[in-house]
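Reader: I am new to protein structures and would like to learn how to read one carefully. Could you take me through this one by question and answer?

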Amino acid sequence: MTRRAPAALALLLLTSAAAPVGTRNLDRAFAGQPRLAPPAAWREDATRDYYAASLSLPWKRIGGDWRDADGKARGDAPFARAEIADSDSDQTLRIDVTDLVRAHGADFVLRRKGGQNASIVSREGGADGPKLIVSGRGETRTLAAVADTTLDATTYRAQGDRPTLETKGLILIRFSQAAHPGIGRAVLVLKTTGKQYGAQTLEVFRPDVGGGVAMPAFRAATAADTIARWTGRDLTRAKDWRFNTGHARLEGDIVRAWIPKDDLTALSLILPVKGGEEAFATVIMRFDPDWAPPNGGKLPGLANTGQGKPPVGALGPGGWGGRSANGLRWSARTGFDAVTDAGPIRAGARRGEPWTGLRTYYYALRPGNVWGQAEPWTAPAPRGRWFAYTQHVKLNTPGQADGALGYWLDGTPVFRRADIRWRDRGGPDSQINEFWVDIYCGGTRCGPPVRDRTHGVSIASITVTRTLPDQRAIAAEVDRLNAAAR
């Protein structure tokens with residue numbers, strides 16, 4: 001794939017998988033298949049529910065996920081195993097994990113069979129914490145674990161700061177050792193405490209985190225499928241533009257805005273669209289490197305809130321700000337998670353990290369939540385770098401829970417559900433008719449007082465189409481923006 005495209009060509013191709021000129025490398029649409037998976041790794045704040053709790057990144061199944069030696073998800077063929085005796089004494093386990101490390105690197109899931117529990121010294125437990133002895137090409141080195149934790153099914157709290165790892169749940173251990181064919185031998189060394197409750201076997205697998213979400217195939221978008229398109233410059237000229245030059249400015253065709261001092265809103269603009277029953281909206285945007293709102297908030301998305309419109313019968317506006325979806329009105333904005341000064345175990349992505357968790361933020365009849373339904377994506381978004389997300393909204397048959405909501409992040413499907421009851425009434429009044437450009441911190445507060453000109457975000461373009469746009473063309477435009485920013 002050509003990694004860069006001239007600006008005009010890249011913009012033209014954003015919604016055209018079959019444009020007549022210069023499309024040899026764009027001759028077929030991605031049709032819901034991921035370009036590549038965003039980087040993902042479990043963290044020491046992993047819990048039974050999340051592999052990265054501070055970014056709200058969920059396991060596929062509660063309790064954790066792994067791949068076995070045959071590549072099977074949650075399979076039963078371990079790469080290696082070790083026996084723990086019920087001797088109520090300290091024991092040293094030496095597990096040959098050469099095949100796993102050579103092929104996949106030193107990232108382990110340990111699963112108990114038999115017994116009830118045993119305690120293993122963690123890296124927080126001192127010098128007896130997990131070690132990996134790696135040899136090859138005449139050299140041997142001993143590595144200490146860089147992360148470890150237990151996924152305890154009895155609590156929603158992270159266990160990554162404990163002095164022991166408990167076999168009653170899955171154990172995660174990671175070392176700074178990449179896969180390499182030249183590795184001759186790799187041995188995982190663990191030391192137990194004197195607490196064993198039954199003889200047991202410890203089996204070794206590799207973690208299974210992140211990756212794509214299953215999506216149906218969609219017809220490739222052509223230029224004729226474009227419903228609406230706005231650059232940052234277009235946004236500043238829109239009739240409903242709530243533009244405050246004190247906290248937003250135009251940089252070429254890009255609009256950059258920030259949350260002003262002690263305020264909540266960077267941008268808020270409702271744009272009319274004729275989306276009908278189904279639409280896809282692609283936002284190309286960038287968080288500033290120091291983007292760190294101490295509370296979560298809202299990002300753009302498709303909607304039908306009825307703001308500024310007269311009631312239809314007895315039904316007025318709805319679908320935002322604690323105003324429930326009412327059978328006619330609904331919304332499907334996007335959300336972002338808090339970024340805080342929290343430590344590795346407490347919730348909240350840390351300020352020094354280059355990621356921000358993203359999520360849904362929608363108002364529907366089912367699932368129904370008076371403050372909006374927030375559900376995490378399977379991958380975070382970068383800070384300090386351009387990225388793109390594509391949102392898919394398909395309205396339900398009135399009265400039935402068969403509506404859909406989906407997201408792609410940089411070409412990878414990261415969220416989907418197809419059981420949403422957006423509305424109970426059909427017809428044009430309940431269809432997709434708004435795109436809400438909303439960059440807003442918190443619900444009623446952002447957190448500690450916000451310093452002026454902080455928490456900045458930029459938007460390069462927003463494109464609404466009738467079907468899935470070519471994710472490779474979008475990627476080319478994101479690459480161009482990032483190259484220009486260097």
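Author: Let us begin with a term: a residue is called buried when its relative accessible area is under 20%, exposed when it is over 50%, and partly exposed in between, with a 1.4 Å probe and protein chains only. This is a predicted model, in which local features need pLDDT of at least 70 and side-chain atom pairs count only at pLDDT 80 or more, while totals for chains, interfaces and linings use all residues. Residues are numbered from 1 along each chain as its sequence is written, and side-chain values use heavy atoms, with hydrogens and water left out.

Reader: With that term in hand, does F205 count as buried or exposed, and at what relative accessibility?

Author: The cut-off for a buried residue is a relative accessible area under 20%. F205 falls under it and counts as buried, because its relative accessibility is 0%.

Reader: Which kind of aromatic pair do W66 and F205 form?

Author: Rings of Phe, Tyr and Trp (for Trp its six-membered ring) pair if their centres lie within 6.5 Å, and planes under 30 degrees apart count as stacked, over 60 as edge-to-face and the rest as tilted. The structure holds 17 aromatic pairs. In the pair of W66 and F205, the centres are 5.8 Å apart and the planes make an angle of 40°, which makes the pair tilted.

Reader: What is the distance between N and O where the side chains of E203 and R81 meet?

Author: A salt bridge is a side-chain nitrogen of Lys or Arg within 4 Å of a carboxyl oxygen of Asp or Glu, and the structure holds 29 of them. E203 is buried at 3% relative accessibility, whereas R81 is partly exposed at 48%. Their side chains meet in a salt bridge with an N to O distance of 3.7 Å.

Reader: Where do E375 and R417 lie, and how many residues apart are the parts that they tie together?

Author: The side chains of E375 and R417 meet in a salt bridge of 3.0 Å, N to O. Because E375 lies in the loop between β25 and β26 (381–382) and R417 in strand β29 (residues 412–420), the pair ties together parts of the sequence whose separation is 42 residues.

Reader: What is the order of the strands in the open sheet?

Author: Two strands pair if DSSP finds at least two bridges between them. The edge strands here are β18 (265–276) and β25 (358–363), each of which pairs on one side only. The pairing in this open sheet of five strands is antiparallel, and the order is β18-β30-β20-β21-β25.

Reader: Which residue of β30 stands opposite A303?

Author: Strand β20 (residues 297–304) and strand β30 (residues 432–441) pair in the antiparallel sense over five bridges. Opposite A303 in this pairing stands E434.

Reader: Which residue in β29 is the bridge partner of W408?

Author: Strand β28 (residues 403–409) pairs with β29 in the antiparallel sense over six bridges. The two form a hairpin with two residues between them, and D410 in the turn has a positive phi of about 50°. Within β29, the bridge partner of W408 is P413.

Reader: Which cysteine does the disulfide join to C441?

Author: A disulfide is a pair of cysteine sulfur atoms within 2.5 Å, and a search of the whole structure finds one. C441 and its partner are both buried, and the link is right-handed, with 80° about the S-S bond. With S to S at 2.0 Å, the residue joined to C441 is C446.

Reader: Which residues is Q431 in contact with, leaving aside its neighbours within four places in sequence?

Author: Q431 has its place in the loop between β29 and β30, and with a relative accessible area of 22% it is partly exposed. Contact means heavy atoms within 4.5 Å. Leaving aside neighbours within four places in sequence, the residues in contact with Q431 are G276, E277, N304, W330, L395 and R423.

Conventions:
Helix = DSSP H or I, 4+ residues; strand = E, 2+ residues; numbered from the N terminus.
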